[in-house]
Amino acid sequence: MEILVQQIINGLVLGSMYALVALGYTMVYGIINLINFAHGEILMVGALVSWTVATALADSGLPGWALMGIGLMCAIVVCSLLNFTIEKIAYRPLRSAPRLAPLITAMGMSLLLQTLAMIVWKPNPKPFPLLLPTEPFNLGGPVITVTQVLILVLTVVILAALMYLVNHTKLGRAMRATAENPRVAGLMGVKPDFVISATFVIGAALAAVAGLMWAANYGTVQHSMGFMPGLKAFTAAVLGGIGNLAGAMLGGIVLGLIEAIGAGYLGDLTGGVLGSHYADI
């Protein structure tokens, strides 16, 4: 029973990070019907920018939570500018093109960002500094770390804020109107280009948060770290019904739970034929 509870905790943490990235996928698809396959690389850039800032300020005497906050702010700014530029340069000229063209462009952008990150930060994995206390909370057998608690709390707060933004603000109404019909929304005074850019910026900010949380939880960063989380978050978005915000959140949590519980019990279920490292199947 202890193992099950521990794997549920791990699954909720993992699913929370998937949900943050999946929301970026589903928001963009819901408005312009584009699968932004470069979104996982935005997570990677966010993690590497956070690592750069935390490492550069390591001797400043600032407490770990302050370093994490500064790193997060820098990551959000860099990722938002990057995604805004990608949308404007790579996707906007192809908005009226056949569906295959922007899809191939997104794949190419993913490879480009990975290569640029490898050039800037070098290909070797880098240890992420321990910024928060490492002593876990004991829950009567299962344990949870301070970092994992922060991930869960941040995810709940961010998702609640996003739902409020989409459902109860002027920008949210503009986003929903643009998703319904961009041309008609434009006739009603909505600026579709601004709404689409804002959607990319919001998605990038969510990915930046997920990137820092991923790095802090697993303790390592590198240029290729965004591929698998991006792929799994896309799966979560599809699982929850792509274009559906609540579905993307639920899909991320469900996928995280399936993966974590699978890792804990796959060996027993297959008689030792498959180990925990086969959890991706």
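In this predicted model, helix 1 (residues 2-32) and helix 5 (residues 146-168) pack with their axes 9 Å apart and at an angle of about 30°, where helices (H or I, at least four residues) are DSSP runs numbered from the N terminus. Axes are lines fitted to C-alpha atoms, for helices over the stretch in contact, and angles run from 0 to 180 degrees between N-to-C directions. Helix 1 and helix 5 are therefore roughly parallel to each other; angles under 35 degrees count as roughly parallel, over 145 as roughly antiparallel, 65 to 115 as roughly perpendicular and the rest as oblique. Their crossing is left-handed, a term for a near helix turned anticlockwise from the far one by less than a right angle, with right-handed used if the turn is clockwise. Contact, meaning heavy atoms within 4.5 Å, involves residues of helix 1 including Leu12, Ser16, Leu20 and Met27, and residues of helix 5 including Ile151, Thr155 and Leu162.

Helix 1 also meets helix 9 (residues 227-239), the two axes coming within 8 Å and crossing at roughly 70°, and that makes helix 1 roughly perpendicular to helix 9. On the helix 1 side the contact uses Tyr18, Val21, Ala22 and Tyr25, while the residues of helix 9 include Pro229, Lys232 and Phe234. As for the length of helix 1, its 31 residues should span 45 Å at 1.5 Å a residue, which agrees with end C-alpha atoms 45 Å apart; the expected span is 1.5 Å times one less than the number of residues. Asn33, which follows helix 1, has a positive phi, near 55°.

Helix 3 (residues 64-91) and helix 8 (residues 192-218) cross at roughly 140°, with axes that come within 7 Å, and they are therefore oblique to each other. The crossing of helix 3 and helix 8 is right-handed. Among the residues that meet are Met68, Cys79, Phe84 and Glu87 in helix 3, and Phe200, Ala204 and Leu212 in helix 8.

The contacts divide by class as follows, with Ala, Val, Leu, Ile, Met, Phe, Trp, Tyr, Cys and Pro counted as nonpolar, Asp, Glu, Lys and Arg as charged, and the others, Gly among them, as polar.

| Helix 1 with helix 5 | 11 residues | 4 residues | no residues |

Residues are numbered from 1 along each chain as its sequence is written. Local features need pLDDT of at least 70, and side-chain atom pairs count only at pLDDT 80 or more.

Methods: Side-chain values use heavy atoms; hydrogens and water are left out. Helices (H or I, at least four residues) and strands (E, at least two) are DSSP runs, numbered from the N terminus.
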